[in-house]
Amino acid sequence: MGAPPAVGLCESCRHQQVVRTTRGSSFSLCRRSREDPRYPRYPRLPVVSCPGHERRAGEAQS
Ligand code: SF4
């Protein structure tokens with residue numbers, strides 16, 4: 001429903017996992033947080049800069 005929230009960099013990052021709740025909202029989870037405590041599990045959005053960002057395979061490089 002409506003436009004997706006502005007997620008920023010996480011949107012194109014291979015470490016992102018979108019978690020949907022039964023109430024219809026969704027959260028952007030950073031899978032790097034599992035191995036690296038420097039990354040929050042649910043980063044504050046939009047993420048505009050992140051040292052851990054890695055583009056998903058198959059997406060064009062910018
Ligand atoms: S590594 Fe950075 S850009 Fe990627 S999902 Fe985590 S917080 Fe977002």
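**Strands, cysteine and prolines**

Visitor: Which strand is C30 found in?
Guide: Before the answer, a word on the model: it is predicted, so local features need pLDDT of at least 70, side-chain atom pairs count only at pLDDT 80 or more, and totals for chains, interfaces and linings use all residues. Numbering starts from 1 along each chain as its sequence is written. Helices (H or I, at least four residues) and strands (E, at least two) are DSSP runs, numbered from the N terminus. By that naming, C30 is found in strand β2.

Visitor: How many helices and strands does the protein chain have?
Guide: The two strands you'll hear about are β1, residues 16-20, and β2, residues 26-30. The tally for the protein chain is zero helices and two strands.

Visitor: Is C30 buried or exposed?
Guide: A residue is buried if 20 or more other C-beta atoms lie within 10 Å of its own, exposed if 12 or fewer, and partly exposed in between, with C-beta atoms placed from the backbone. C30 has 21 other C-beta atoms within 10 Å, so it counts as buried.

Visitor: Which residues does C30 touch?
Guide: Touching here is contact: C-beta atoms, placed from the backbone, within 7 Å. Residues up to four places away in sequence are not counted for C30. That gives C10, H15, Q16, Y39, P40, R41 and P43.

Visitor: Which residues come nearest the ligand?
Guide: A residue is near a molecule or strand if its C-beta atom, placed from the backbone, lies within 6 Å of it. There are 13 residues around the ligand, and C30 is among those that come nearest. The nearest ones are C10, C13, C30, C50 and G52.

Visitor: How do the residues of that shell divide into nonpolar, polar and charged?
Guide: Ala, Val, Leu, Ile, Met, Phe, Trp, Tyr, Cys and Pro count as nonpolar, Asp, Glu, Lys and Arg as charged, and the others, Gly among them, as polar. On that sorting, the shell around the ligand comes to eight nonpolar, four polar and one charged.

Visitor: How many bridges join β1 to β2?
Guide: Two strands pair if DSSP finds at least two bridges between them. β1 and β2 run antiparallel. Along the pair, R20 stands opposite S26, and V18 stands opposite S28. The number of bridges is five.

Visitor: Which residue of the hairpin takes a positive phi?
Guide: The hairpin of β1 and β2 has five residues between the strands. The positive phi, near 95°, belongs to G24.

Visitor: How many residues of β1 are buried?
Guide: β1 has five residues, and the strand lies largely in the open because the number buried is zero. For the protein chain, with its 62 residues, buried residues make up 11%. Back to β1, the count is zero.

Visitor: Is P43 buried or exposed, then?
Guide: P43 sits in the segment after β2 and touches C10, S28 and C30, not counting residues up to four places away in sequence. P43 and S28, 15 residues apart in sequence, are 7.3 Å apart C-alpha to C-alpha. With 22 other C-beta atoms within 10 Å, P43 is buried.

Visitor: And P51, buried or exposed?
Guide: P51 is also found in the segment after β2. Its C-alpha atom is 9.8 Å from that of Y39, 12 residues away along the chain. P51 has 7 other C-beta atoms within 10 Å, so the label is exposed.

Conventions. Two residues are in contact if their C-beta atoms, placed from the backbone, lie within 7 Å.
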